[in-house]
Amino acid sequence: MNTCRIAVFENAENKMVLQNTVIPALKEGEILVKNEYTTLCRSDILTYTGKRKEKSPTILGHEITGKIVDFGQGHLSVDIKGNLLKHGDRITWAIYASDPSSAFSQKGIPQKSADLFKYGHEQITEDSHLHGGLAEYTILRKFTPILRVQQEISVKVIALINCSVATVAGALRMAGDIKNKNVLITGAGMLGIIACAMASSNGANIISADINEERLQTTLNFGAQSYCIIEKDETDFKKQYEKNNQRVLPPIDIIIDFSGYPDTMEQTLEVLEIGGTAIWIGATFPQRNLQINAEKMVRKIWTIKGLHNYNETDFITAVDFIEKYHTKFPFEDLIYDGFVLEQANEAFEYAIANNPFRVGVSIEK
């Protein structure tokens, strides 16, 4: 039987251990993929450091791309756009697999289905493994949304699609028509950078905000027209913006928050225009309750939405965006490269110490 290497994560007190495991026979509807490249998402780092609890032992890494090696019996050999799939095709796949007939799938939120399976987040068991990016292979389960990707796109950039780019696509779907609207994007990490690129490509006027000016400078290369440095002890966002830019803050039609910080969400909500929409995505960790004035929300006719992960439509939008704009925006420059699977622990330690937008791990020798 064929074997492959996997980096096994037990807990934050112990380093990951490289182990050999058997590649099992494929079940009905499954696909075997040879992983090529994995980028370390913020949730991976939080799990590695113990700040986020995950089922373990596990194989971390869900921002992955790879090539098809084999099809299980019964797989139709087409992706969700109807493209024919064959051995050797480079693909990306959704972070989740769930039954499309389930109640939540029918509501358009398959990422919350009762039978949800999440790549890079599942426990290694005797009959379920090879489900994370820090391994030589991934077995894609039945009902996993899959898309073939153009071969000429860098694997580093493709790896971002099935988490960062697709989540941002979901945020913009919830925002509706953003053409010629003023969009405030808070949090200038990887998702915030991608949001600047996607929103500007859809005709929006972008203001970015973060505590880190160097990251805010980067947003200007991805479509932001101006930015605001959020100061720790300042609670008036309008005042901060006008101090930074020496001009009046324009009316804010849409806020998309990737920071997840209550102070930031509260103070930016204060500058939301009448009829505006706030979309909160970054608050995926335990925190205090927000202070929201209900009368102001009613009188200003605000809409507040939350989003966790994404659906199949967003996944398709993400691939289409990268295929169209991968040469316009310098996405590859956001990824610190140079690690291989044997150096998975070193890759995490570098990410923790230096906080780049992403650290990449090459899986292929």
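1. Basis. The model is predicted, so local features require pLDDT of at least 70 and side-chain atom pairs pLDDT 80 or more, while totals for chains, interfaces and linings use all residues. Residue numbers start from 1 along each chain as its sequence is written, and side-chain values rest on heavy atoms, with hydrogens and water left out.

2. Sheet. An open sheet is formed by 6 strands in the order β12-β11-β10-β13-β14-β15, with parallel pairing. Strands here are DSSP runs of E with at least two residues, helices are runs of H or I with at least four, and both are numbered from the N terminus. Two strands count as paired if DSSP finds at least two bridges between them. The edges are β12 (226–229) and β15 (303–306); each has a single partner strand, so one side of each has no neighbour in the sheet. Direction ignored, neighbouring strands are turned by 15° against each other on average.

3. A strand pair within the sheet. Strands β13 (residues 252–257) and β14 (residues 272–280) run parallel and are joined by 5 bridges. I255 has A278 in β14 as its bridge partner.

4. Helices on the sheet. Helix α4 (residues 190–201) lies across β10 (182–186) and β11 (205–210), at about 170° to β11. Helix α6 (residues 237–245) lies across β10, β11 and β12, at about 120° to β12. Axes are lines fitted to C-alpha atoms, for helices over the stretch in contact, and angles run from 0 to 180 degrees between N-to-C directions.

5. Packing of α4 with α9. The axes of α4 and helix α9 (residues 312–325) come within 12 Å and cross at roughly 80°. That makes α4 roughly perpendicular to α9 (angles under 35 degrees count as roughly parallel, over 145 as roughly antiparallel, 65 to 115 as roughly perpendicular and the rest as oblique). A197, M198 and S201 of α4 meet T317, F321 and Y325 of α9, where contact means heavy atoms within 4.5 Å. By class this contact has 4 nonpolar, 2 polar and no charged residues (Ala, Val, Leu, Ile, Met, Phe, Trp, Tyr, Cys and Pro count as nonpolar, Asp, Glu, Lys and Arg as charged, and the others, Gly among them, as polar).

6. Packing of α1 with α10. Helix α1 (residues 42–49) and helix α10 (residues 344–354) have axes that come within 11 Å and cross at roughly 100°. α1 is therefore roughly perpendicular to α10. D44, I45, Y48 and T49 of α1 make the contact with N345, F348, E349, A351 and I352 of α10. The contact divides into 5 nonpolar, 2 polar and 2 charged residues.

7. The volume of the second largest pocket is about 500 Å³. Of its 21 lining residues, I80, K142, F143, T144 and P145 are the closest to its centre. The lining comprises 10 nonpolar, 6 polar and 5 charged residues. On a 1 Å grid over the protein atoms alone, a pocket is an open set of points where a 1.4 Å probe fits, with protein on both sides within 12 Å along at least five of seven lines; lining residues have an atom within 4 Å of a point. Points are joined across faces, edges and corners, and the volume is the space filled by probe spheres set on them.

8. Loops. E234, in the loop between β12 and α6, touches K239, Q240 and Q267, not counting residues up to four places away in sequence. The C-alpha atoms of E234 and Q267 are separated by 9.3 Å. S56 and P57 are joined by a cis peptide bond, with omega about 0°. N309, in the loop between β15 and α9, has a positive phi of about 65° although it is not a glycine.
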